[in-house]
Amino acid sequence: MSFVRVPPPCPLTKATAVPVASVFRTAPLRASAHRPPLPEICVLAVAAVLVALGAAGPVPAIAVVALAAAPASTLAGVRLSRLSLGTDSPVGGAPAGRLARRRAARPRRAAALLHAAVVFAGLTAAVLPLASAGYRPAAAAAGLAGTTALLGGGLFSLDRPRPSIRSRLRRLLDQAAPGVCLVLTAWLLLPYAGVSTHARLAVAAGLGLLAVDALAVLTGAGRDGGTARCRGGAALTLFALVLLAALPASPAAGRAALLAVPPLVVGVLLIAAGFPQVTRVDPARRDRLVWPRVVLPPVAVVLAVAHHLQVGLLPDRTAVLLALAMVPPLVVRQLLNAAAPTPPDGPVAAAADAASPMTPVADDYDDAAGRVGLLRALAACPEPAGGALLVVDLHLAELPGRLVRDDVAAEAVRRARAVATDEDAVFDLVGAGLAVLTRSGPMFAYALGTRLLVALGRPYEVSGAVLRSRPSIGLAELGRGRPEDLFRQADLARRRAAQLGRDRVEWYDAYLEEQLVRRLDLERELPGAVARGELDLIYQPVLGLADRAPVGTEALLRWRSPVLGTVFPAELLPVAEDLDIVGELGVWVLDRACRQLADWSVGGRRLWMAVNVTTGELTSPDFVPRTAAVLEAYGVGPDQLVIEVAEPKVAAELPTVVARLAGLRSMGIRTALDDFRAEHASLAQLRRLPIDLLKVGPEVASVSADPHRPLLDVVVTVAERLGLEVVAEELESVHQVEGAHRAGCRYGQGFELARPATAERVEAYFEEFPSTSR
């Protein structure tokens, strides 16, 4: 549960004032690359070469099994051991609370058991060449038993949803008939000679159950996820060990042992590759493939029976009993369907049947769901899905200790459950807030969000302290898309709510995401732009409206990013302020502008250069002496520099701004007030500011309280009484230029007079006016 920070997408953030880039850095459960890494490719290549050598005869088949399994199990063991020690854990973050820590330990415990399983399987393969032919099946069977126990423990330890008893029974019955079909298929295809009935049945049962498990993995929801890959790898590994245990206890087994190499090597590597993705839910595989489960097992039985009859054998008693065993599961499944009550309507109810995390969270909320459960619940929602997802961040004003945070988390979930309906699901995102998944439509979901604001915004009285919260809630409608995307959308909306001041609910929309992604790109690329030489200045001449001759220029900052293109100050400066690098940019701009002004002054041309500064730069204690040092360094007269500050920004720090402007004027540097709005407060403030120039835009010229006297005339009159000169900005038509001149503006600036350009082009423009002066 985040208390002093804004959680992200995956829920990882810094404080609200920090840049958006910081909240994306630990982002979300990313899909791993589909291409195997180089070590796995090398191991598979070695295994293929060894199988070829074993098939050709130079290397004994049982030795090929040992040699191929050794590097595969070693590599898989190394990868899993890193995970078990926590050096490469797939589940990040430091969980708070006893239950959270216990849940966070599950992946490491699962990794340790799976590590032991792959090592045990590799040792089993390594022991076989050392054992006599008569003891090899027993050694393989012992390895099979140990590996099965370790794999079962590891897979059971993985964090996964807990289905209801009815759902478990349905899944068991769904797999029972195909499982019996595959057991019967293995029974019919296994050799009779030299194998006892009990051993043959045990091998057939093992192969059949592994096959049906593999079929369930390949056709189930989330079949591209990490858990599915681990299960598939376990099935392949056990399948290989079953083959080794089923080999005849004689040298006649020969090359048949080579059949165990591919599933053994691929199986252990798949376990190691799938485990880091155990928290991933692949939304592209949210549906379940039904037809393979229905079609493939009966087809396999038919083909096995045909082969059995073709070689002149009739089905024995065991085959008949296995065939009859397929009937009870089908009957019970149909009876269960007939007796089942009609489920509630809506996507959340349907998902609750498919993935139990959709049911309301139990009282032991810390052990019931979390982010993984939320993603799985979203994956289980049918398409198109109704409802909405709300992501909540409390943001406590105080910084409590861990025990207090646990108490607050429990209380927050209790309050959320109290205002939600019985059909809504509450998920505790340990360390990152909470989420509510509702089946309600957009408007009712928004109403739920407002109720959550009220409930979660009340003070928390825990451990003798009173903590106050300012929640922010993001809301995203459910629809087509990946679970991670739906969560990210709600979290982006939540982040927007935090940026707008908290205590509010914000909707997700595509434009919002575009803005935040753009912001992320800006924050990622802007640091270091000065050092990389990506900043640039262009200059827009300022002309006297009486003779249309240039008297000065304004330096305009541009960021020429090789990634983002040209970025303008309106987009650049807010990001720089959040990154706290406005000062760095301002130092560069002032230095570059004064250097350019010195170059233009070489031939005796007297122009002034206007440089825009933020109030933060202007109020910095070293701004005045630093500006004086730059002027001295380039030999520029103080009266040739104009420092501009935007009028809407000065009110918050008016006394300090007045002091800094006065300090600049005392040195002979001219000052200007930009973006003057001509409001009552602005006119009153104008009398206090020690400035020389007043810059007004077209919004002032276009407004008139008196039809016979435009507002611009009033502003010019006030400026003249205060001894100020007026610069009309953004003059883009002849009509605007003439109106500004008639009103009494001395200077003008805009596209109609001269467009911004590079220093070289502006200098060429100045050459057209030999007598240019200030």
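## Overall composition

Helices (H or I, at least four residues) and strands (E, at least two) are taken here as DSSP runs, numbered from the N terminus. On that basis the protein chain has 29 helices and 16 strands. This is a predicted model, in which local features need pLDDT of at least 70 and side-chain atom pairs count only at pLDDT 80 or more, while totals for chains, interfaces and linings use all residues. Residues are numbered from 1 along each chain as its sequence is written, and side-chain values use heavy atoms, with hydrogens and water left out.

Of the 774 residues in the protein chain, 49% are buried, where buried means under 20% relative accessible area, exposed means over 50%, and partly exposed lies in between (1.4 Å probe, protein chains only). The accessible surface of the protein chain comes to about 35,100 Å², and 61% of it belongs to carbon and sulfur atoms; such areas come from the Shrake-Rupley method with a 1.4 Å probe, and for residues only the protein chains shown count as cover. Contacts (heavy atoms within 4.5 Å) between residues at least 6 apart in sequence join residues at least 24 apart in 75% of cases.

## The five-stranded mixed sheet

An open sheet is formed by 5 strands in the order β2-β3-β1-β6-β7, with mixed pairing; two strands pair if DSSP finds at least two bridges between them. Because β2 (425-428) and β7 (504-507) stand at the edges with a single partner strand each, one side of each is left without a neighbour in the sheet. From one strand to the next the twist averages 20°.

Strand β1 (residues 388-393) pairs with strand β3 (residues 434-438) in the antiparallel sense over 5 bridges, and L390 has V436 in β3 as its bridge partner. Strands β2 and β3 also run antiparallel and are joined by 4 bridges, with A425 bridged to L437 in β3. In a regular strand the side chains alternate between the two faces of the sheet. In β2, A425 and F427 point one way and V426 and D428 the other way, and all are buried.

Helix α14 (residues 370-380) lies across β1, β2 and β3, and runs at about 145° to β2. Helix α16 (residues 442-457) packs on the sheet as well, touching β1, β3, β6 (472-477) and β7, and its direction makes about 150° with that of β7. For these angles, axes are lines fitted to C-alpha atoms, for helices over the stretch in contact, and the values run from 0 to 180 degrees between N-to-C directions.

## Aromatic pairs and a charge over a ring

A search of the whole structure finds 6 aromatic pairs; rings of Phe, Tyr and Trp (its six-membered ring) pair if their centres lie within 6.5 Å, and planes under 30 degrees apart count as stacked, over 60 as edge-to-face and the rest as tilted. Y539 and W600 form an edge-to-face pair, at 5.2 Å centre to centre and with 70° between the planes. This pair links distant parts of the chain, since Y539 belongs to strand β8 (residues 535-544) and W600 to helix α20 (residues 582-600), 61 residues apart. Both Y539 and W600 are buried.

The pair of Y765 and F766 is tilted, because the ring centres are 6.2 Å apart and the planes stand at 50°. Y765 counts as buried at 18% relative accessibility, and F766 is buried with a relative accessible area of 0%. Ring pairs link Y539, W600, Y765, F766 and F769 into a cluster. Elsewhere, the charged end of R415 sits over the ring of Y460, 3.9 Å from its centre; the criterion is that NZ of Lys or CZ of Arg is within 6 Å of the ring centre and within 35 degrees of the ring normal.

## Positive phi values in two loops

Most residues other than glycine have a negative phi, and most peptide bonds are trans. D503, although not a glycine, has a positive phi of about 55°, and lies in the loop between α17 (483-499) and β7. At 43% relative accessibility, D503 counts as partly exposed.

E730 is a residue other than glycine with a positive phi near 55°. E730 is placed in the loop between β15 (725-728) and α28 (734-743), and counts as partly exposed at 43% relative accessibility.
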